[in-house]
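The exercises below are meant to be worked with the sequence and the model side by side.

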Amino acid sequence: MHISNQGILVVLFIGLVAGWLAGKIVRGTGFGLIGDILVGIAGALVANLLLPKLGIHIGTGVIREIINAVIGAVILLLVVRLVRGRR
């Protein structure tokens, strides 16, 4: 899989937006703005890999990417909350 420099920038920007939105959706994570943005970037990467393989296609273009990234970021925030809660 090859991602161009523009593709990486798009994923990072969408991850920033998704991390901010996911931080607003999942409150009480305690990561702050920077932590939520980093989780959003990771969620964007995970969602871009997993959701199409699962056959989940929501919307088109940049809107689809933002929705997928928000879904991935919310899932990652919830998983991290579960792991942190067990300690």
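**Exercise 1.** In which helix does Asn-68 lie?

*Solution.* Asn-68 lies in helix H3, where helices are DSSP runs of H or I with at least four residues, strands are DSSP runs of E with at least two, and both are numbered from the N terminus. Before going further, note that this is a predicted model, in which local features need pLDDT of at least 70 and side-chain atom pairs count only at pLDDT 80 or more, while totals for chains, interfaces and linings use all residues. Residues are numbered from 1 along each chain as its sequence is written, and side-chain values use heavy atoms, with hydrogens and water left out.

The next step is to classify Asn-68 by its cover: it counts as buried because its relative accessibility is 2%, and buried means under 20% relative accessible area, exposed over 50% and partly exposed in between, with a 1.4 Å probe and protein chains only. Finally, not counting residues up to four places away in sequence, Asn-68 touches Ala-47 and Leu-51, contact being defined as heavy atoms within 4.5 Å.

**Exercise 2.** What end-to-end span should the 25 residues of H3 have, and how far apart are its end C-alpha atoms?

*Solution.* The expected span of a helix is 1.5 Å times one less than its number of residues. For the 25 residues of H3 this rule gives 36 Å, and the end C-alpha atoms are 36 Å apart, so the two values agree.

**Exercise 3.** Determine which residues of H3 are buried and what covers them.

*Solution.* The buried residues of H3 are Glu-65, Ile-66, Asn-68, Ala-69, Val-70, Gly-72, Ala-73, Val-74 and Leu-77. Their cover includes H1 and H2.

Two of these residues can then be examined in turn. Leaving aside neighbours within four places in sequence, Val-74 is in contact with Ala-22, Ile-25 and Val-26, while Val-74 and Ala-44, 30 residues apart in sequence, are 10 Å apart in space, C-alpha to C-alpha.

**Exercise 4.** How many residues has the largest nonpolar core, and which element gives the most to it?

*Solution.* A nonpolar core is a set of buried Ala, Val, Leu, Ile, Met, Phe, Trp, Tyr and Cys residues joined through side-chain atoms within 4.5 Å. The largest such core has 13 residues, and those with the most contacts inside it are Ala-22, Ala-69, Val-70, Val-74 and Leu-77. Helix H1 (5-25), H2 and H3 are the elements that give two or more residues to this core, and H3 gives the most, with six residues.

**Exercise 5.** Locate the nonpolar surface patch and find which element gives the most to it.

*Solution.* Patches are made of residues with over 30% relative accessible area and no salt bridge, like charges being joined within 9 Å and nonpolar side chains (Val, Leu, Ile, Met, Phe, Trp, Tyr) within 5 Å; a salt bridge is a side-chain nitrogen of Lys or Arg within 4 Å of a carboxyl oxygen of Asp or Glu. The nonpolar patch here covers about 960 Å², and its residues include Val-46, Leu-54, Ile-63, Ile-71 and Val-83. Helix H2 (32-53) and helix H3 (61-85) are the elements that give two or more residues to the patch, and H3 gives the most, with six residues.

**Exercise 6.** Is Phe-13 buried or exposed?

*Solution.* Phe-13, found in helix H1, is exposed because its relative accessible area is 53%. Phe-13 and Ile-37 are 24 residues apart in sequence and 9.8 Å apart in space, C-alpha to C-alpha. Leu-16, which also lies in helix H1, counts as partly exposed at 37% relative accessibility; leaving aside neighbours within four places in sequence, Leu-16 is in contact with Ile-37 and Ile-41.

Conventions: Accessible areas come from the Shrake-Rupley method with a 1.4 Å probe; for residues, only the protein chains shown count as cover.
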